[in-house]
Amino acid sequence: MLYGITAAATALLLTALLAAALRTPALRLRLVERRRQRDVPLSGGVAVVLVTGLVVGAGEWLGVAPPADGAGGVLVAAGAVALLGLAGDVWRLRRRVLAAGTGVAAACVVPYGETGVGTGLLAVAWVVAVVLGFRGLDHADGLAGTVGVVTAFGVAACAAVELMDGIAGLMSVLAAALTGFLLHNWHPARVALGSCGSMSAGFVIAVGAVYARAGFGVVESAGVLFALTAVVGADAVLVLGARRLAGRGVGRGGPDHLAHRLRRLGLTAPGASLLLGIGALSGMLVGVLAHAGHIRAGALWWVAGGVLGVVFALSRVPVYGPRRSASPQVGAPLRVRNG
């Protein structure tokens, strides 16, 4: 208990300090993302990755951390995904390259002994989908961090139920690191996660959830995993469906995510992130309670129904307007991140 509190507090403080310290170097190296006519340095992701690895590694080295329970392997694979994401931030790698690299990393750590090969491969595909979904959430101030904190705590609770203290400790440290990052990422954001931070955080959360559900039934596990990541799933379904129906390429960015549509309905940027955070919390609570056996698995259908209702309602919000020719007098159009 004392280790968990100390590790979480240390991760929060160090991430807040490191994200601020790396902000100037990121600006000088032009490792930035354009948001509403301002450059946001991508130093937050590097800070989250470094601090999470440092705190968890220091705990194991000092012998005060709980048994690893596979957390060490997950952390190493997440480090590889973070490097891949950093390369994507620098060289703008294609989405399929990021997906392939993430799939290889996930295939190396999925517990096939408990899941079986077939279910394990399905888990790999789900991990890749969640990682890309988290990457897509990083387009709005405070959104990816808020959803990440909520989801990481939910996975930590599921792991604790299964007495996987190593996975639970890793999730708690990640949640604390993301909270420290949020101190700089809340609107107006001064730093962002970038692919480095969002992909690695999504990877740790997704793989941790797979570990917690390994050995359970496939159908019920799918429901629990979906509930834990309800906002990520809703955003991905909405974006992919809208782009296909509009005849746009699924890899082509646009202002068509959940937060974009909520902003068009009149919500402020903090309001949209807070509302989606509440949605993530609601789905997470249902997933944790279903995992622990405190509610029937049928309650998971309510989460699915809620997600479909939100997707349908927000799909009616117009986001694709007619193309406008750029005018030199007006200036260059705002670049929207490929989400």
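What volume does the largest cavity have? The legends below take up this point after an overall view.

**Figure 1. Overall view of the predicted model.** This is a predicted model, in which local features need pLDDT of at least 70 and side-chain atom pairs count only at pLDDT 80 or more, while totals for chains, interfaces and linings use all residues. Residues are numbered from 1 along each chain as its sequence is written, and side-chain values use heavy atoms, with hydrogens and water left out. The protein has 15 helices and two strands, which are DSSP runs numbered from the N terminus (helices H or I, at least four residues; strands E, at least two). Along the principal axes, its C-alpha atoms fill a box of roughly 60 × 45 × 35 Å.

**Figure 2. The largest cavity.** The volume of the largest cavity is about 70 Å³, and a search of the whole structure finds one cavity of 30 Å³ or more. A cavity here is a set of points on a 1 Å grid over the protein atoms alone where a 1.4 Å probe fits but cannot get out, and lining residues have an atom within 4 Å of a point; a volume is the space filled by probe spheres set on the points, which are joined across faces, edges and corners.

**Figure 3. The lining of the largest cavity.** Among the lining residues are Tyr 3, Val 56, Glu 60, Asp 165 and Leu 170. The elements giving two or more residues to this lining are α3 (43–62) and α9 (165–185), and α9 gives the most, with four residues.

Terms used: On a 1 Å grid over the protein atoms alone, a cavity is a set of points where a 1.4 Å probe fits but cannot get out, and a pocket is an open set with protein on both sides within 12 Å along at least five of seven lines; lining residues have an atom within 4 Å of a point.
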